[in-house]
Structure formats: structure tokens, C-alpha cells
Amino acid sequence: MAQGSDSHGGGSGVGLEALDRQIFERHALVMLLIDPASGQLLDANDAAAAFYGYPRSVLRSMNIDRINTLTSHEIRAEMARARRRDVATFQFRHRLANGEERSVEVCSAPVELDGREVLHSVIRDTSERERLVAEVTQHAWYDGLTGLPNRALFRSRIDEVLERAQRHGGRAVVMHLDLDRFRDLNEVWGHEHGDAILCQAAAAIEVALPGAEVIARLAADEFGIAAVESALGPDASDLAERVRTAFHTVRFRVGDRSVRLYTSIGVAVCPDDDRDPATLMRHAEAALIQAKRDGGDQWALYNPALSGRASERVLLGGDLREAIESGGLRLALQPVVDMRDGSRIGAEALVRWHHPEHGWIAPDRFIPVAEATGQIATLGDWVLCNAARYAAAHADMPGSRIAVNVSALQLRGQDIAGTVARVLRETGLPAASLELELTESAIVDEGERLIGDLAALRALGISVAIDDFGTGYSSLQYLKRLPVDRLKIDRAFVQGLDHDPDNHAIVATIAALANQFGLALTAEGVETEDEVAALLSLGCYSAQGYYYAAPELIDPPAGD
């Protein structure tokens, strides 16, 4: 290999046989020959010249410390290790002619040429691999919108904060924040502006507590903070108040307008409240719910004396979130039958939760948890998607139409028609095979704005039912205007129908209303033969209840 020329036919620098020289010079991998004593580059192949951006003649005149970003002392130590064969592969950063630095993997080994020991190094550019690893890490541990750590990373970093607090003899503070009425703002201004506000909120928290060890985005409009108390202020109350008042001073930008946004904060302290990170997070969430129940725009310290219901909602909230994310929920179906002949004409999809510690948890316990912790939309989407997937897979069976419940909070927080259209598209379920059930309380709560949503749903070909009908007479004013297809009689009026004159009168009135407005009618909670006979006599022909079948768990879809 010629040392003074870039041509392949020149002199013979370090002695190599002709074949070895051709392999070295023409190999696609970057190769260098280095004097281990001085660090001088004795030779470089064409791939090295292309990678580093120097002519080979220039490379041969350089020392390795012009390329390697380590100090000269560190480079000599690494070459000594390569000579001893202690290490064969190294991770370095190499500097190119244009000043750019690249991550490289260097495989180096001593070889003897012309009675002289040199290091033969093969260099691979690992920058793209590192970039991909960093990208995967970013997705796994960080929120894509704000760039803050996500819930999983927040939980793991609480351990570090607790250890730091213990070393310095202080207390650790864990805070759970929720933006007051953010969902209403998001609905009015749209998700794009909502995302911008979340980023501004993250910045406001960072400005309020610049010394916090970790600030994270836990969920949609929820943030977490972990800090060593003594590092930031006199006590946990002071830290929470700093964040609360910071929101009072910020004007959040929504396009060319500005709005005010406030926050509720729950605070838990270690070791006072607990030493376990997961428990501290639950306690902070418990305090947050208390702050919101007290009106919002305030902070609350965790109090073990929280009411049993509030404590349960909080303690189950984190477990429910994990169950939704990890597939810990199950779907059950209760048949809807034609009471005239007992044939199945459809089914209602119901969600069931088997807690790993507490066993089966009734829906009337965990549905309020989902609503209180802002998870009802996610839970509702889970039921809708899995019910539609099951119904699509059994579309050839009689009575394959499936009914799914939708809560008022779901209607308020998302484009329900868009969500349903997407689910139908993804699952292939015909629109006519899906019925959405809205509780009568949702009708009362949403009123006028619901009319447009229901019209959009029916335009897709979906039928709509009012569930628990008869429990809220204020919805009667909407009955002739709402685009609905079915009324479902609440089980409270069905029980004892055959011998309770009040219930009989109520059901008779509901049946007459359904007939007047041309609506289908279904009775819930049917348990006796006498109830069936009474319903048939009043013109109600479809029903569901334990008289026919209890809800039955179905196998989860393949891949879940």
C-alpha cells in the first residue's frame, strides 16, 4: 500500500501481500491500520476515505486523536487494551472532516506486518442504530406531545426521588394534577388547540417548580410531580400552592385568543403517607379527587380518613387503568329475546373486571371509578371495539345485533359519531348490527347538543336506544325530537309488575308512548314467568333478564 499516493498501483507502505492489499483497499467496511505506540494512522482504505471525508493520503498523515473524540491519554489506554486483547470491540465517537461526530463500533486486534505489530481496526457506523434505539426509548418512556416522562417512567423515577430524600434527611412529595374543565375547553376549541394548551400547561408547571426532580404527563390532562421537599420549599403545601397560583398568572393561548385555566392538585408525602411509589401515586390521586369534589382550583393533602367510597374510587383507579391497558377486562353478553317465541334477537354487551386481588368487581363499583378518574371514554371505546369485533365475527348467526352502552361523559368528551364510524370500518361490522344505548340521565344532561350527535349516528345506519327509561321524566320533552329507535324499560319498574299496580301503570304508560312515537320497546331485568305475561299483555314483546339468560363471558378475540 503506497503511503504517498491514493492509487492502488503505487509503492508499498506497510507490507501486505498483493491479495491482502486488494482486500484491504477495496473492502466495503471502513478499515484503518494504526501504530499502537504513537497512534499514527499507517493506512486507510477507500471506504475510510469516503466515510471520514479525507483523501487517503491525508488520513495516512494523521494521528488517531484527530478522529477519536477521546483524550490522547484515553486513546492510548484503549489501544493498550486492544493490544492485550482484553477488549476486541469498542464504542467510540469519531469526528469527520466536516466536523460532524458519528457513533461508531470499532473492532480492533493486533496483527504482525513485516515484523511490526499494528492494530487492524474495522469501523462500523452505529449512528442510525443509536438513533432508532433513542426513538424507541422516547416512545416507550416519554409523552409524544409534551416531551415529558410518561406514567411508566414517572413511577420508576419516584424511587430515585425517595432515595434522594432519604439521603438528605428530607421528605419526598408526589403530586397529581388535573386541569379543571379542560375537557369542556377541548370540546369547544378542538383537539389541536387542546394539545397546544397541554404543552403550555406543562411549561407552566416547569416554571413554577424549576427544581422538581421529575414532571410527567400521566394521562390526557393529568400531570405528576415528584420532588424532594427540602430542595424546593418549606413544605409540600408550599409546593402545591406554587403550582396552583402559577396557573392564575398564565394566559393560555388558543389561536388568537387567550383563556384562563386552573388546576386541582392532590399531594402525598413520603414517609408520612407511605414509602411505596405506587401507593404514593394512589394517595395523591385520592387527594386530587377530594380537591375536585371540593370545587377545584385548589390542592388537597392526602387524608387517610377519606370516605370509603372516595378511597375505593382512588385505589381502584390505577388498577382499572392497568386492566384497560393490559387486557384485564372481559366482555359478557346478555341475550335479548322475543318473548312471543323465545328466539334470540340480539344481545347487550357488558364489561366485567376480575381484579387479581379482589376477584370480580361489580360494574356499579368500577364504572363510577372510570368516570371519576377520567377513564370512562377509554373504557367505553374498549367495550365498543370488542363488542363490534365479536358481532362481526358472528354476523351469520341469528340475533347477532349487539347493543353497547354509551355514557354522558363519553358523549361530552369525544366525537362519538366519528368514533363509531371508525370502529365499524376497522371491524367490518354492518351499521345495522349495532345499537347504542344512552341512559335517560345522559339525555337530560346533554339535551339540545345531543340531537346532532344522534342524527349523525343514525345517518351511519345505527339504531339508538334510551336505556333505563322511566327514571327521569324530564326527558319526555325530548322524546318527539330525539332521533331514537327504542325505549328500554328500567328493571325497577319490571320487578313485581304482575302484582304492583304502580309499576304496572308506569310500564303501561311507557308502552303507550313507544307506540305513539313508533319506537321499539324492550324490558330489562325480567326474572319471572308472570312478568313475561304482564309485559306481553301491555304490548312489550322483547326482553332481557335472568328468566332467559344471565350475562355470559365470551372468549377474548385472538391476539388480545
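Modeller: Rings of Phe, Tyr and Trp (its six-membered ring) pair if their centres lie within 6.5 Å, and planes under 30 degrees apart count as stacked, over 60 as edge-to-face and the rest as tilted. By that rule, the structure has five aromatic pairs. In one of them, the ring centres of F90 and F92 are 5.5 Å apart with planes at 10°, so this pair is stacked. Both F90 and F92 are buried (under 20% relative accessible area; exposed is over 50%, partly exposed in between, with a 1.4 Å probe and protein chains only). This is a predicted model, where local features need pLDDT of at least 70, side-chain atom pairs need 80 or more, and totals for chains, interfaces and linings use all residues. Residues are numbered from 1 along each chain as its sequence is written, and side-chain values use heavy atoms, without hydrogens or water.

Now for your helix contact. The axes of α6 (residues 151-167) and α11 (residues 277-293) come within 9 Å and cross at roughly 110°, which makes α6 roughly perpendicular to α11 (65 to 115 degrees; under 35 is roughly parallel, over 145 roughly antiparallel, the rest oblique). From α6, the contact (heavy atoms within 4.5 Å) involves R151, F154, R155, I158, D159 and L162, and from α11, P277, A278, L280, M281 and E285. Seven of these contact residues are nonpolar, four are charged and none is polar.

As background, the protein chain has 22 helices and 22 strands, and buried residues are 48% of its 560 residues.

Technical notes. Axes fitted to C-alpha atoms, helices over the stretch in contact; angles between N-to-C directions. Helix = DSSP H or I, 4+ residues; strand = E, 2+ residues; numbered from the N terminus. Nonpolar A, V, L, I, M, F, W, Y, C, P; charged D, E, K, R; others polar.
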